[in-house]
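The tour starts with the chain and then moves to one helix and its surroundings.

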Amino acid sequence: MKYLPTIGLEVHAELRTNTKMFCGCQNNPDEKEPNKNTCPVCLGHPGVLPTINKKAVELIIKIGFAVDGEINKQFKFDRKNYFYPDLPKGYQISQFDKPIVKGGSVDIADRLGESKIVELNRVHLEEDAAKLVHSGSDSTLIDFNRGGVPLMELVTEPVIHSAKEAVAFAKELQLILRYLGVSDADLERGQMRVDANISLSADEKLGIRTEIKNLNSFRAIEGAINYEIERQAEVLDSGKKIKQETLGWDDIKNKTISQRSKEEAHDYRYFPEPDLPPMDQSGFDLTALKLEVPELPQVKRLRFKRQFKLFEEQINIIVEDRQEANYFEEAVSELEADASEEATGKKIQLLFNYLNSDLKGLMKERALGFDVIKITSENFADLAEMVFKNEINSRVAKDLLAKMADTGVDPRTIVENEGLGQISGEEALQEIAGRIIENNPAAVTDYKKGKLNALQFLVGKAMAELKGRGNPGVLKSLFEKLLK
């Protein structure tokens, strides 16, 4: 490429707390009634005093530990002054020169398939703005329910060089936040938003940057960055200069749109928030907070690869959801011990296949999560054992899963009560096979003419009569023997 793109990201994520950042109003992202969760503090009335939500500060500290950042010994809040209709005070309470976390990094090699670490500049805490609701073509309403919600802002160093890397970083960060339980980080619901700063340069010196604001999907992040790289390259090729500005992304037209000239820090006239005291580490139990950080995705991927011998793609699927990963690991631990490493590997592979296809398909169909499904990890492992030992076949296993989801009963009890066990003995199957041969002379003739599909037809007929309980392998051998 003629020009080197350099990208820095600013990621905002709404934190999962009971109340807002500086008042006692409920932090409820599902609230449908506009302006219900508001008070004089978050509406910016004169004379009110904010108070710090300690839980929100603790969540930022946990994020700092998760990204290997440094927790500042002292940190404070500042006023970021600018006018916008969704900011009733005329300023936002944020952090400027003393954020809670400085530095850190996120390894995105697992997502890229190549080595790449994204260094971070900082992670700080601020309050979210209200939500603008555009009504028709000539009016805009404001819903202040979101105004004052605790908001994480994470800023990367300018070390990203492609849209692919940017998307990989955003996905990995989203997963880290979810593993920590600090945010749902749902882009479609506005709980996570990404701003991308982009510049192009023909040498080592950084070019003039533009900023694309409020990208709310991974598709938008990729599309907007790629478009802006191409646009800037065309401007530079024409001999013109890049204008430093803030841009929006039009999802329909797939192009960036100029919004305003880009602000610098001095434009916001930052100064220390006079109504809030500075804080330091002594007010927080850092040891306890660090212990609350769970095993994070990258570490879990490495361990699963070592322990379970699954393919990378399979591991990535499981680890993408912390509850799913925990459920799978618990199920593996419930499998019967086997002297053969090969047999254990086959059981784990079988467990993954049923989890990723049948179980998740059932859960999607019924809108169930791993936190509410009645199939325990122990019973799920038992189901896999029964399939592995040919006690039931795959068709019966599918039916069993549905019954287990309905009742919460273990699979062996259901099989025993409903007579669903697999029939594998030749003696038990011979009568049915003989009857199938007698009733389907055309298929028998086709088989004897060398049409092997006719054999599968006969096995299918027998399986239908046995309601899926027959052992298809035994039936196939039996038909071959009887048809000689």
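With everything selected, colour the residues by burial: in this predicted model, buried residues make up 48% of the 484 residues in the chain. The accessible surface comes to about 24500 Å², and carbon and sulfur atoms contribute 49% of that area.

The C-alpha trace spans about 90 × 55 × 50 Å along its principal axes, and the radius of gyration is 30 Å, whereas a compact globule of 484 residues would have one near 23 Å. Of the contacts with a separation of 6 or more, 68% join residues 24 or more positions apart. If you then display the charged side chains, the mean positions of the 67 positive and 79 negative charges lie 2 Å apart.

Next, select residues 377-388, which form helix H10. From its first C-alpha to its last, this helix of 12 residues reaches 17 Å, close to the 16 Å expected at 1.5 Å a residue. Because 10 of its 12 residues are buried, H10 is largely enclosed by the rest of the structure; among these buried residues are Phe380, Leu383, Met386 and Val387, together with Asp382 and Glu385.

Finally, centre the view on Asn390, which follows H10 and has a positive phi, near 60°.

Technical notes: Residues numbered from 1 in each chain as written. Predicted model: local features only at pLDDT ≥ 70, side-chain atom pairs only at ≥ 80, totals over all residues. Heavy atoms only, no water. Rg over C-alpha atoms; globule rule 2.2 N^0.38 Å. Buried < 20%, exposed > 50% of the residue type's maximum accessible area, 1.4 Å probe, protein only. Contact = heavy atoms within 4.5 Å. Areas by Shrake-Rupley, 256 points an atom, 1.4 Å probe, with all protein chains shown as cover. Lys, Arg positive; Asp, Glu negative; His and termini not counted. Charge placed at Lys NZ, Arg CZ, Asp CG, Glu CD. Helix = DSSP H or I, 4+ residues; strand = E, 2+ residues; numbered from the N terminus. Expected span 1.5 Å × (residues − 1).
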